[in-house]
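Reader: I am new to this structure and would like to go through it by question and answer. Please show it to me before we start.

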Amino acid sequence: MTIEFEPKLNHVDIQDLTSLIQFESTEGKIWFGEQRILFMQLPALAAFRRELVNSIGVERAKGFFMRLGYQGGLRDAELARRLRPDSDDMALFWTGPQLHSLRGMVKNRPIKIEIDKESGHFYGELEWVDSWEVEIVQTELGQIDEPACWSLLGYACAYTSAIMGQEIIFREVSCRGSGDERCLIVGKPASEWDDAAEFSRYFTAEPIIEELYSLQSQVKSLRSSLARHQGQYYGIGDSPDYKNACKKIDKAAQSKVSVLLLGETGVGKEVIARSVHLRSDRAEKAFVAVNCAAIPQELIEAELFGVEKGAFTSANQSRAGRFERADGGTIFLDEVVELTPRAQASLLRVLQEGEVERVGGVNTRKVNVRVIAATNESLEQAVKDGKFRADLFYRLNVFPVQIPPLRDRLDDLPLLVEHFLAKFHNDYSKRTLGLSDKSWRFIKNYSWPGNIRELENVIERGVILTDNHETISLESLFASVGPEAGNADDTHVYSDGQVVKPSNIKTTVGWVDTLIEQQIGLDSIEEQLINRAMAMTNDNVSAAARLLNLTRPALAYRLKKLSEHDSTNLK
Ligand SMILES: [Zn+2]
């Protein structure tokens, strides 16, 4: 039985098929014969397909959609046999394309169909008109390099194979989704295709879980090498003071000694501490970083050394402290000067005896932790002021390393900028042309009160705000400086790290006027200044106080007032 160039099949009535559709809207069901079916939006499926392609790649996504179509084809073959038990081979075959049309998937136009179930002969050539998959490729995904009608193809293969009782493979030889004039498919028994085995593999679901497990372990090892790599930025720089500090750190990494890192906020103390850990024989164990200034004083002991249930009212469960969690590894205590006297005593005990005792507990626990402490205030002065225990100071001060502030090594800026540009280009999948000349002139004269962390933030901002293949302007680096700030010749850097520009005085009047005109109010300005300073210093109260030229207690008082104010507002 052969049909050539004659769509006379289209006269086969589909009334018997359409009458099978039943809506049970109040029951939340739609029926097609005995199949429950769904009304689904094309754009939703398009978005799903795009996500699948993006997350697992074209080949795997294609497999999923071909199998989706395949399952549909199998079920429709079953339906066709039941609905039209007495039809001849051709009519039974053609029921598939009819069902496909009825489901809104595609319109089939037969070009040449030869079918003889008895001898097992099959040859089919059909055109697909208005394929749903071409439509989503054209509207949602953009053109692809290969035929796009994946689920349709899976359907055709499954349906015809089921009707014929042998494996029939269809291939899409041209597709509008990949720029061809029309979607054309050719189907033959599997034995007549050279690459049948390879193609049929699309219909076998391959569990990707094994592969995921192996990838997971690869990710783990890549992460640790990445962490190692990131830990290296402290090594970027040629200025003598800095090289000197790096040499010391390299030595410390190899030994077991406690290290005290000295330097302003943002010079990269945590990065250095992590790097010391990663290059020590503890690298496989935990690295735990604690910013002592960021933890409320009344909680610091429990946080560091753990707490037993019932030790205080909110301690309704026993839990390990950071020292126990760092067992075998390294703990980094930033702003160590902020420790309470009791916490200082417990830390001394860890250093001397290798023991911790949880708050409210009676048992001591052995811990083996390397301590790297850091401070941006003079510990010696804190000892003199009676704020810090002398014996603890001597313990911590065995191997002090002074990290110079960025303003004392501005010659290292090109290397650091290059490092951060590469990092953020990678993070944001972008390529800028680097800093403009004006930006360079400014950053070389800027005092960098927030040090390397500030530089990192500034470069990240610049990369985000700059389009591909454009230079990073001064305005995109700094939110608050106007273009006139580019006149870096007028900029003076004072030893306390403040940057002062005569031009600022001119602009000052401008923004003050604006604030007054907008009736922003003194309280609100104060609140915003404080919030910004806290954000810039990662909630480090001491550092934020310095940025605002306040003492720590003065800022702490204002913070308390603000939080009380907020909670009253909430009531
Ligand atoms: Zn196509």
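**Questions on a predicted model**

Reader: Which residues does phenylalanine 199 touch, leaving out those up to four places away in sequence?

Author: This is a predicted model. A contact here needs heavy atoms within 4.5 Å. Leaving out residues up to four places away in sequence, phenylalanine 199 touches Met66, Leu153, Cys157, Ile169, Phe170 and Arg171.

Reader: Which element gives the most residues to the largest nonpolar core?

Author: The largest nonpolar core has 41 residues, and those with the most contacts inside it are Trp128, Phe170 and Phe199. Six residues of this core come from the element that gives the most, α6.

Reader: How many residues are in the other core, the one with Val290 and Leu379?

Author: This other core lies apart from the largest one. Val367 and Ala373 are also among its residues, and the core has 32.

Reader: What is the geometry of the zinc ion's site?

Author: The zinc ion is coordinated by Cys149 (SG), Glu172 (OE), Cys175 (SG) and Cys183 (SG), at 1.9 to 2.3 Å. Four donors count as tetrahedral if all angles lie between 85 and 135 degrees. The angles among the four donor atoms are 99 to 118 degrees, and the site is tetrahedral.

Reader: How many residues apart in sequence are the parts that cysteine 149 and cysteine 175 tie together?

Author: Along the chain, the donors of the zinc ion follow the spacing C-x22-E-x2-C-x7-C. Cysteine 149 lies in the loop between α5 (132–141) and α6 (150–164), and cysteine 175 in the loop between β7 (168–174) and β8 (183–189). The pair therefore ties together parts whose separation in sequence is 26 residues.

Reader: Are cysteine 149 and cysteine 175 buried or exposed?

Author: The cut-off for a buried residue is under 20% relative accessible area. Both cysteine 149 and cysteine 175 count as buried.

Reader: Which elements give two or more residues to the lining of the largest cavity?

Author: The structure holds two cavities of 30 Å³ or more, and the largest has a volume of about 100 Å³. Of its 13 lining residues, Phe93, Pro97, Asn108, Ala156 and Thr160 are the closest to its centre. The elements that give two or more residues to this lining are α4 (89–102), β6 (121–129) and α6.

Reader: Is phenylalanine 39 buried or exposed?

Author: Phenylalanine 39 is in the loop between β4 (35–37) and α2 (42–56). Exposed means over 50% relative accessible area. Phenylalanine 39 has a relative accessible area of 69%, so this residue is exposed.

How values were computed
Residues are numbered from 1 along each chain as its sequence is written. This is a predicted model: local features need pLDDT of at least 70, side-chain atom pairs count only at pLDDT 80 or more; totals for chains, interfaces and linings use all residues. Side-chain values use heavy atoms; hydrogens and water are left out. Donors are N, O and S atoms within 2.8 Å of the metal (3.2 Å for Na, K and Ca); water is not among the atoms, so sites may look incomplete. Four donors count as tetrahedral if all angles lie between 85 and 135 degrees; four count as square planar and six as octahedral if opposite donors are over 155 degrees apart and all others between 65 and 115; anything else is irregular. Helices (H or I, at least four residues) and strands (E, at least two) are DSSP runs, numbered from the N terminus. Buried means under 20% relative accessible area, exposed over 50%, partly exposed in between (1.4 Å probe, protein chains only). A nonpolar core is a set of buried Ala, Val, Leu, Ile, Met, Phe, Trp, Tyr and Cys residues joined through side-chain atoms within 4.5 Å. On a 1 Å grid over the protein atoms alone, a cavity is a set of points where a 1.4 Å probe fits but cannot get out, and a pocket is an open set with protein on both sides within 12 Å along at least five of seven lines; lining residues have an atom within 4 Å of a point. Grid points are joined across faces, edges and corners, and a volume is the space filled by probe spheres set on the points.
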